[in-house]
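Colleague: Could you walk me through this model? I would like to learn how to read a few of its features.

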Amino acid sequence: MSEVRKARIATTSLAGCFGCHMAILDIDERLIELMKLVEFDRSPLTDMRKFTQRCDIGIIEGGCCNEENVHVLRDFRRNCDVLIAIGQCAIMGGLPAMRNAIMHSQTPLRDCLEEAFITGKYIRNTTHDIPNDPALPLLLDEVYPCSEVVEIDYEIPGCAPSGDIIFNTLAGLLTGKFEGFERKMIRFD
Ligand code: SF4
């Protein structure tokens with residue numbers, strides 16, 4: 001008898017805090033149930049940095065604040081049938097997008113970096129240097145939600161999203177029974 005193929009899932013964290021990945025683990029004992037349906041490919045959970053094959057679902061935490069984020073997100077779009085933006089950072093930029101608020105300046109990115117590394121009230125930077133190592137990915141002019149960079153199929157709101165909403169969405173999609181989620185499942189704590 002042939003084995004039922006497990007769905008293949010990849011995950012990544014772009015401009016996020018890894019709280020959404022921690023929320024995936026909040027599924028708790030239902031992880032055992034979920035692991036009967038899926039196996040993980042590229043993901044911080046497996047420490048795999050590249051796709052080994054095409055995936056059914058890609059889960060994206062965080063928005064795009066630098067060129068590497070855009071590259072990774074496009075790679076996920078190319079290699080995953082369905083893309084899910086998980087958490088407010090992926091959906092609308094979240095906390096990192098606070099820097100978008102200074103776009104009225106003529107030099108918003110420079111102003112932001114100067115405040116973060118030189119002029120900020122609690123900064124003690126005796127060299128007055130802003131990090132510019134060539135190994136650092138170039139920052140974008142502002143922080144972008146994932147949906148402004150690639151097409152996103154589903155969004156799971158929250159900061160961090162609850163284990164319940166993550167499990168219900170994944171289990172629903174994997175079994176073809178996804179009908180959305182109730183408002184009370186969305187949390188911001
Ligand atoms: Fe962290 Fe919240 Fe952003 Fe998720 S949505 S990456 S938990 S700040």
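This is a predicted model: local features need pLDDT of at least 70, side-chain atom pairs count only at pLDDT 80 or more; totals for chains, interfaces and linings use all residues.

Colleague: Which residues surround the ligand?

Modeller: The ligand is surrounded by Gly-16, Cys-17, Gly-19, Cys-20, Glu-61, Gly-87, Gln-88, Cys-89, Gly-158, Cys-159 and Ala-160. Two or more residues of this shell come from each of the elements α1 (19-25) and α4 (88-92).

Colleague: How do the residues of the shell divide into nonpolar, polar and charged?

Modeller: There are 5 nonpolar, 5 polar and 1 charged in the shell around the ligand. Gly is counted among the polar residues here.

Colleague: Now the strands. Where do the side chains of a regular strand go?

Modeller: They alternate between the two faces of the sheet. Take strand β1, residues 7-13, as the case here: 7 of its 7 residues are buried. On one side sit Ala-7, Ile-9, Thr-11 and Ser-13, on the other Arg-8, Ala-10 and Thr-12, and both faces are covered.

Colleague: Which strands does β1 pair with?

Modeller: Strand β2 (residues 38-40) runs parallel to β1, and 3 bridges join them. Within that pairing, Ala-7 stands opposite Val-38. With strand β3 (residues 55-61), β1 also pairs in the parallel sense, over 5 bridges. There, Thr-11 has Ile-59 as its bridge partner.

Colleague: And the aromatic rings: how many aromatic pairs are there?

Modeller: Rings pair if their centres lie within 6.5 Å, and by this rule the count comes to 3 aromatic pairs. One of them joins Phe-51 and Phe-76, with 4.9 Å centre to centre and 65° between the planes. This pair is edge-to-face because its planes are over 60 degrees apart. It links distant parts of the chain: Phe-51 lies in the loop between β2 and β3, while Phe-76 belongs to helix α3 (residues 67-79), 25 residues apart.

Colleague: Are Phe-51 and Phe-76 buried or exposed?

Modeller: Both Phe-51 and Phe-76 are buried. Another pair, Phe-178 and Phe-181, is tilted, at 6.2 Å centre to centre and 55° between the planes.

How values were computed:
Residues are numbered from 1 along each chain as its sequence is written. Side-chain values use heavy atoms; hydrogens and water are left out. A residue is near a molecule or strand if one of its heavy atoms lies within 4 Å of it. Helices (H or I, at least four residues) and strands (E, at least two) are DSSP runs, numbered from the N terminus. Buried means under 20% relative accessible area, exposed over 50%, partly exposed in between (1.4 Å probe, protein chains only). Two strands pair if DSSP finds at least two bridges between them. Rings of Phe, Tyr and Trp (its six-membered ring) pair if their centres lie within 6.5 Å; planes under 30 degrees apart count as stacked, over 60 as edge-to-face and the rest as tilted.
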